[in-house]
Amino acid sequence: MLTKLEIKIEKNDEINLNTMSLFQGVLMEKIDREYGDILHTMPINPYTQYISVENNFIQWNITALTDEAKEKIIDKLYSNDFKEIEIKYKDLRLKILDKKIITITENELMDKYYFEYSKRFIKINFITPTSFKSDGKYQMYPNLRWIYQSIIKKHDKLSDEIVVFNESVLEDLVNYSEIVSYNLKSTAFQLEGVKIPSFKGRITIKIKGPQMLVNLVNFMFGYAEYSGIGIKTSIGMGAIKFENGGN
């Protein structure tokens, strides 16, 4: 089960994308310490979180990629007792205006994308700073191999239902895909005084080859709307939205 919790918060000028990592601290304070300790030992976190600044409010988006993460994280934050967000670093208290939960099973995601006639052109919007790490260095541009590897590793490590990855599948994904347009800009993600080189913006991917491969890529990006792409998605990086359109 994939679960997303959307929390609307009163707007405050001190909250922006550069303060996004502070919300992970809020999350860790609300969950059980024992589970928090477990999360620190996991190679891939079973949750993501990021904020988006809207016209009249701030939205805090938290996703759980497993049933356990839903129980231990989402249910805690969805509780009626959680009515106010305290950002201790900035000495702020922000009123929670509304909460909404969205759920989908992986089988439902498969039905939506993999078992339908999905489109060959996919538009990906990287809505928070995104980066990868390769050869010990931050990589601040969208390489298709890194994108696919990121999604596959998160999915296959955390999913109890479906396994996507093997080396031949990854090679097919890379060989039959190409970025045909982009509108990107370089940026930096602020984390405890460190600026992580990253990028934001849009790309359009064209998938060639058999229809089932096209469907698989669409399923993967549907999953990536919950899992994020790249590094440090639990502190706000790598959030995406995608749409498929065109033949």
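**Exercise 1.** Determine which element gives the largest share of the lining of the second largest pocket.

*Solution.* Step 1: α1 provides the largest share of that lining, 3 residues; helices (H or I, at least four residues) and strands (E, at least two) are DSSP runs, numbered from the N terminus. A pocket is an open set of points on a 1 Å grid over the protein atoms alone, where a 1.4 Å probe fits, with protein on both sides within 12 Å along at least five of seven lines; lining residues have an atom within 4 Å of a point.

Step 1: By class, this lining has 4 nonpolar, 7 polar and 2 charged residues.

The model is predicted: local features need pLDDT of at least 70, side-chain atom pairs count only at pLDDT 80 or more, and totals for chains, interfaces and linings use all residues. Residues are numbered from 1 along each chain as its sequence is written, and side-chain values use heavy atoms, leaving out hydrogens and water.

**Exercise 2.** Characterise the lining of the largest pocket.

*Solution.* Step 1: Its lining has 16 residues, with Ile-44, Ser-150, Lys-154, Gly-230 and Ile-231 nearest the centre.

Step 1: β7 (132–134) and α5 are the elements that give two or more residues to this lining, and α5 has the largest share, 5 residues.

Step 2: The lining divides into 6 nonpolar, 6 polar and 4 charged residues.

**Exercise 3.** Identify the residues that Leu-173 touches.

*Solution.* Not counting residues up to four places away in sequence, Leu-173 touches Tyr-148, Ile-152, Leu-213, Leu-216, Val-217 and Met-220, where contact means heavy atoms within 4.5 Å.

Notes: Nonpolar A, V, L, I, M, F, W, Y, C, P; charged D, E, K, R; others polar.
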